[in-house]
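Me: I would like to learn how to read a structure like this one, feature by feature. Could you take me through it, giving the general idea before the particular case?

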Amino acid sequence: MLEALFQTFDEPEAGVALAARLSAFREELARRNLTAFIVPRADQQQNEYVAPSEERLAWLTGFTGSAGVAIVLRNEAALFVDGRYTLQAGKQVDARAWRIEPLVAPPPEAWLEKHLVAGDRLGFDPWLHTSAAVERFAAACAKAGAELIAADTNPLDAVWTERPAPPLAPVTLHGEQFSGEAEAEKLKRITGEIERLGVEALVLSDSHAVAWTFNIRGGDVSHTPLPLSYALLPKGGRPTLFIDHRKLSNSVRDHLEKVANVADPGALTQKLTELGRGGTAIALDSATAADALSRLVSAAGGKPVRGSDPVSLLKAIKNPIEIKGTRAAHRRDAAALARFLAWIDREAPSGALTEIDAVEALETFRRETGALKDVSFPTISGTGPNGAIVHYRVTRKSNRRIVPGDLLLIDSGAQYEDGTTDVTRTIAIGPPTLEMCDRFTRVLRGHIAIARALFPDGTTGAQLDTLARQFLWQAGIDFEHGTGHGVGSYLSVHEGPARISKLGTTPLKRGMILSNEPGYYKTDAFGIRIENLVLVVGAEVAGAEKPVNAFETLTLAPIDRRLVDLNMLTGDELSWLNEYHERVRHEVRPHVDEATKVWLDAATAPLSL
């Protein structure tokens, strides 16, 4: 899989090619008697990373972010992106053809209410939207006097003449030495959840849930070892796994058939139709199940029951083997990171390095561990103003030289069979300004507040989110992304349902792994983010009247001491930083070369007021 590690640094197509695509798409809509169409950045399972064959939004607009929606009308078109991607969209999209609008507040349906007129026919692909999204679009159409039309086939595919073929990466088994639990035991637990839901069957529409349940991994999408697949789990009887048989070796198929029937994906439609007859209640994941699945069940006479996929929470709570594996993965990753950070400190002040050089060097250090399967997402390497773009991805055109006086923000992660990592460090190249140090220290204090938090069992991420922002708020500033996301075990680096954010409503449970990543971004100047992964663990608190939880920090990488304004730290905060650095030095030092040891000793030396 090593060839998958190399980044693509080319700019997306633009200009004439994109204008021609938009024109051809409008002609196809007119041919189908549609006045408008919705193009989401999505595949059939709402995956964050999608196969090249599903990159419809990027093909049409040039926007390559992981979240967005385009709406094309006869005479105007809009691209909707969230706060992470506002700057990126402005750089990638032709402003003469597209208006850039917010994705969340107000949402696209509010824009539709203002721009649709009576008699308009708004089309959508029911395989690329959840039922909840379709209901919102339907309500907007109703208010405007327009009609919402479910397309039999996607009109964009009719004009995308060079659309890539769907992926066929081979499936591998994720053994119990990594998963910690056999498929049969997981299926027993899921059956209990199906009974609790009061339904006759559960559709696993999220390939992550399928991969976790059946202990399989694959390579159908970038950066996540995912085999695209579905599963149907009845309350009684054998489950069925729906996956292209060309991905399965004889040994993998034999292993899977010990616990499940195996069928091609096309058989799911027939199976749901058969099961739906007679009013059968079938549970569907409201977050990932395509509206087409609900329509299939309803058309057969069944009852689609939308709600949270119970596997999502089961998967998020890591077992002891997974926790042991992620600790090992982070120690291994830390050695590669230390070598990289020492290299940057040695080479960057010359001004000879670029953002792409940093990406390639870091991936090389990780590859030299001998255990790297893939990077867990495209490495973000942004210096100076590029660092202020939250999800910046360097291209050969945007590639900036790393020079003294700038900050380098590098956000990266790795996929190892025993764990998934994600870490961000902000590095001073030459002496930083007072403003940089002030902002960095405010971000650091928020990071420490999360890392040191004690919270009663049942606390949600939304209740903790303020801790990370409080010192930024005191200066009238903030950051436009969540403080933390869940992380999988050799699965998605962005895993639900738990998160630390203003919208994080899922209680944090022991065994969950999340990120702790507050930041600050000054447009056209610099970006700052400090990210470690943390594990929810139990805490002993004298006199506590209910169970108390805390975070164990998993990531082991020095935090740039040169950017810390010691006058802003409390004694407890300084103690945390020094103790963290002492732990980093103790755990990482035995695994690096002599030159890196010298750098590490200096980078983790204790600070004093």
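Me: Which residues does P518 touch, not counting residues up to four places away in sequence?

Reply: A contact here means heavy atoms within 4.5 Å, and by that rule P518 touches V443, G446, H447, A468, F479, T483, I528, R529 and I530, not counting residues up to four places away in sequence. Please keep in mind that this is a predicted model, in which local features need pLDDT of at least 70 and side-chain atom pairs count only at pLDDT 80 or more, whereas totals for chains, interfaces and linings use all residues. Residues are numbered from 1 along each chain as its sequence is written, and side-chain values use heavy atoms, with hydrogens and water left out.

Me: Where is P518 found, and is P518 buried or exposed?

Reply: Strands are DSSP runs of E with at least two residues, and helices are runs of H or I with at least four, both numbered from the N terminus; P518 is found in the loop between β24 (513-516) and β25 (519-522). Buried means under 20% relative accessible area, exposed over 50%, and partly exposed in between, with a 1.4 Å probe and protein chains only, so P518, at 0% relative accessibility, counts as buried. One of its contacts, I530, is twelve residues away in sequence, with a C-alpha to C-alpha separation of 6.3 Å.

Me: How should I read a nonpolar core, and which residues touch the most other members of the largest one?

Reply: A nonpolar core is a set of buried Ala, Val, Leu, Ile, Met, Phe, Trp, Tyr and Cys residues joined through side-chain atoms within 4.5 Å. The largest has 65 residues, of which F340, I344, F440, L444, I559 and V588 touch the most other members, and helix α14 (residues 320-347) gives the most to this core, with ten residues. Apart from it lies another core, of 34 residues, among them A209, W212, I216 and V493. Returning to F440, its contacts beyond four places in sequence are T426, I528, I530, I559, D560, L563 and V564.

Me: How do I read the two faces of a strand, and which residues of β13 lie on each side?

Reply: In a regular strand the side chains alternate between the two faces of the sheet. In β13 (residues 281-285), five of its five residues are buried, with A281, A283 and D285 on one side and I282 and L284 on the other.

Me: Which strands pair with β13?

Reply: Two strands pair if DSSP finds at least two bridges between them. Strand β8 (residues 201-204) is joined to β13 by two bridges and runs parallel to it, with L202 opposite A283. Strand β14 (residues 303-307) also pairs with β13 in the parallel sense, over five bridges, and there I282 stands opposite P304.

Me: What does an antiparallel case look like, and what is the strand order in the open sheet of three strands?

Reply: The order is β15-β18-β19, with antiparallel pairing, and β15 (374-375) and β19 (419-420) are the edge strands, each pairing on one side only. Two bridges join β15 to β18 (residues 414-416), and D374 stands opposite Q415.

Me: Which residues of helix α12 are buried?

Reply: As a general idea, an α-helix has 3.6 residues a turn, so residues three or four places apart point the same way. In α12 (residues 291-299), the buried residues are D291, A292, L293, S294, L296 and V297, and the helix is followed by G301, whose phi is positive, near 100°.
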